Amino acid sequence: MSDTLIVYTHPECNYSDALKTELIDSGVEFEEIDLAIHPEKWQELEKFTGGDRITPVSVEGDSITVGFHGVG
């Protein structure tokens, strides 16, 4: 698995927007996977969340964070 920060987002999720804004403001580079554009990636996301369709989900190496500061 790559050490590039990958962020799964959805445009109807305010927490996705908040996370992206925080990362951009902090100068953190990340690859965004917008699930509205790439619905085939939901199955991939569900592997990280135990089957839940929750955004945002951040994946960096072996580190997985579901939600935004504990919410989402």
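Start by selecting Tyr8: this residue is buried, with a relative accessible area of 2%. The model you have open is a predicted one.

**Stop 1**

Colour by element of secondary structure next. Tyr8 sits in strand E1 (residues 6-9) and Phe48 in helix H2 (residues 42-49), so the pair ties together parts that are 40 residues apart in sequence.

**Stop 2: the core**

Which residues make up the largest nonpolar core? Select Ile6, Tyr8, Ile33, Leu35, Trp42, Leu45, Phe48, Val57 and Val59, nine residues in all. E1, H2 and strand E3 (57-60) each supply at least two residues of this core. H2 gives the largest share, three residues. Apart from this core lies another, of five residues; Leu5, Val7, Leu23 and Phe68 are among them. As a rule, nonpolar side chains in soluble globular proteins tend to be buried together.

**Stop 3: Val57**

Go back to the largest core and pick Val57, one of its residues. Leave aside the neighbours within four places in sequence, then show contacts. Val57 is in contact with Ile6, Val7 and Tyr8, and also with Leu45, Phe48 and Thr49.

**Stop 4**

Switch to cartoon and hide the side chains. Four strands form an open sheet in the order E2-E1-E3-E4, with mixed pairing. Which strands stand at the edges? Strand E2 (31-34) and strand E4 (63-66) do; each has a single partner strand, so one side of each is left without a neighbour in the sheet. On average, neighbouring strands of this sheet are turned by 15° against each other, direction ignored.

Zoom in on E1 and E3. They pair in the antiparallel sense over three bridges. Select Ile6 here: Val59 in E3 stands opposite.

**Stop 5: the helices**

Select helix H1 (residues 14-25). H1 lies across E1, E2 and E3 and runs at about 150° to E1. Now select H2. This helix packs on the sheet and touches E1, E2, E3 and E4. The direction of H2 makes about 80° with that of E3.

**Last view**

Finish with Tyr8 and Phe48 shown together. Tyr8 comes from E1 and Phe48 from H2, and both residues belong to the largest nonpolar core.

How values were computed:
Residues are numbered from 1 along each chain as its sequence is written. This is a predicted model: local features need pLDDT of at least 70, side-chain atom pairs count only at pLDDT 80 or more; totals for chains, interfaces and linings use all residues. Side-chain values use heavy atoms; hydrogens and water are left out. Buried means under 20% relative accessible area, exposed over 50%, partly exposed in between (1.4 Å probe, protein chains only). A nonpolar core is a set of buried Ala, Val, Leu, Ile, Met, Phe, Trp, Tyr and Cys residues joined through side-chain atoms within 4.5 Å. Contact means heavy atoms within 4.5 Å. Two strands pair if DSSP finds at least two bridges between them. Axes are lines fitted to C-alpha atoms, for helices over the stretch in contact, and angles run from 0 to 180 degrees between N-to-C directions.
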